[in-house]
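Trainee: I have a new protein model open and would like to learn how to read it. Could we go through it together?

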Amino acid sequence: MKNSIGIAVIGAGMAGLSHIAGYRTAPTLYAPDLPPLRYVAVADVNRGLAARVAARYGYEKSLGSWQEVAADPDIDVVSVVIANRFHREAVEGLLAAGKHVLCEKPLADTLEEAEAMAAAARGAESIARVGFTFRRTPGIAAIRDLVEDGTLGKVLHFSGRYWTDYGHSPQAPMSWRYKGGPGSGALADVGSHLSYVAEFLAGDILSVSGGQLSTVIAERRLPAGTVTGHDLVELRDESEPVENDDYAAFNVQFSGAAGSLEVSRVAAGHPNTLTFEVFCEKGAARFNQLVPTQIEIMIADGPHATNGYRTVNLGADHAYLAGGLPMDAPGVGFGQNDAFGYQARAFLDEVADLDDALPPNATFDDGVRNMRILQAVVDSAADNEKKVSL
């Protein structure tokens, strides 16, 4: 085990804050088996933002680039939480410098770049992982347990949606999120999450069909200043075309099961709604991220007259929660932010080579597979919704 672990996060925006806070939370979640953690740096091209965030979360200093992070001998572990098109350069440079890297999803802006990153990870001496954060959501993990232990039985059908509304307003400013090729919009942003959740519960996706991509707001005005996250800010008169998708939908075929997936960034009234139902041989289960402390399950063990969904309040008997909350009791709340703590702890467990570690984060090869699914949706949409095998 290392004597101590130095931590940095590159990217001080909305998702970056979740990683920054997650590392602060990680050592408090379970027994104190980790070596001492050193919160070394927050890096961002917006140096003023980096300085404010570093002060807020108790990191020692702020930096302006991934190159400064790579050159810092005090840093061992780095989260990369920047625009997708910059992932490859930063990750490959950090791995070459011997840093352990946790990269946000999707792994890169294109499948080709993701494959190059996976090759670099396989050749690196340090650990490289991609953040599939919803695998750490206790409700989703609990439903997977019910599938795998036979309570629900074999999956027959998965139906999922991830609706967001950050792009619903025509006044939302132009940003990197609206630039890139087909599939780099809502599909990459939230469809990447939904597709790995589907595979987490129902197994590998074998093929994609019925791909649809739609851009419903064709142009967006440029911001007058800096944009952080999904903020609405003062706009300039100039506008630029939106290059990618506001909405995407597709069907999938698993081994022995089928599914349908839909994602949007223009779903008014849904700031962050990940919801799904999974239908199985012995019953069904459903989850809604808006109510993260509960799942609903239906076990087909009685007459139709009395069968139906029942609500299960998540607690100490479910994945990640036993010993993982300050108030370790049924019904005590948690939410999406907490999953970043579990994700960070799993990464630190692996770096520290602990015996009693959490399940490891996804590999870069898993990240490439996730991008192959997204590319199959793009290919299907480009060719009259054809079936594309993986």
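Predicted model: local features only at pLDDT ≥ 70, side-chain atom pairs only at ≥ 80, totals over all residues.

Trainee: How do I read a sheet, and what is the order of the strands here?

Mentor: In general, strands of a sheet pair through backbone hydrogen bonds, either parallel or antiparallel. Here seven strands form an open sheet with mixed pairing, in the order β3-β2-β1-β4-β5-β6-β17. At the edges stand β3 (61–63) and β17 (362–363); each has a single partner strand, so one side of each lacks a neighbour in the sheet. Strands β2 (residues 37–43) and β3 run parallel and are joined by three bridges, and V42 stands opposite S62 in β3.

Trainee: Which strands does helix α4 touch?

Mentor: Helix α4 (residues 87–96) packs on the sheet and touches β1, β4, β5 and β6, with its direction at about 165° to that of β5.

Trainee: And how do I check the length of helix α9?

Mentor: Count 1.5 Å a residue: the 19 residues of α9 (residues 364–382) should span 27 Å, and the end C-alpha atoms are 27 Å apart, which agrees. At the start of α9, a side-chain oxygen of T363 comes within 3.3 Å of the backbone nitrogen of D365. Buried residues in α9 include F364, V368 and M371.

Trainee: Which residues have the most contacts inside the largest nonpolar core?

Mentor: They are V69, L107, F158, I295 and F364, in a core of 86 residues. Helix α7 (residues 186–202) gives the most to this core, with ten residues. Apart from it lies another core of 27 residues, among them L34 and Y57.

Notes:
Residues numbered from 1 in each chain as written. Heavy atoms only, no water. Pairing = 2+ DSSP bridges. Helix = DSSP H or I, 4+ residues; strand = E, 2+ residues; numbered from the N terminus. Contact = heavy atoms within 4.5 Å. Axes fitted to C-alpha atoms, helices over the stretch in contact; angles between N-to-C directions. Expected span 1.5 Å × (residues − 1). Buried < 20%, exposed > 50% of the residue type's maximum accessible area, 1.4 Å probe, protein only. Polar contact = N/O pair within 3.5 Å; in protein donor to acceptor, adjacent residues only side chain to side chain. Core = buried A, V, L, I, M, F, W, Y, C linked by side-chain atoms within 4.5 Å.
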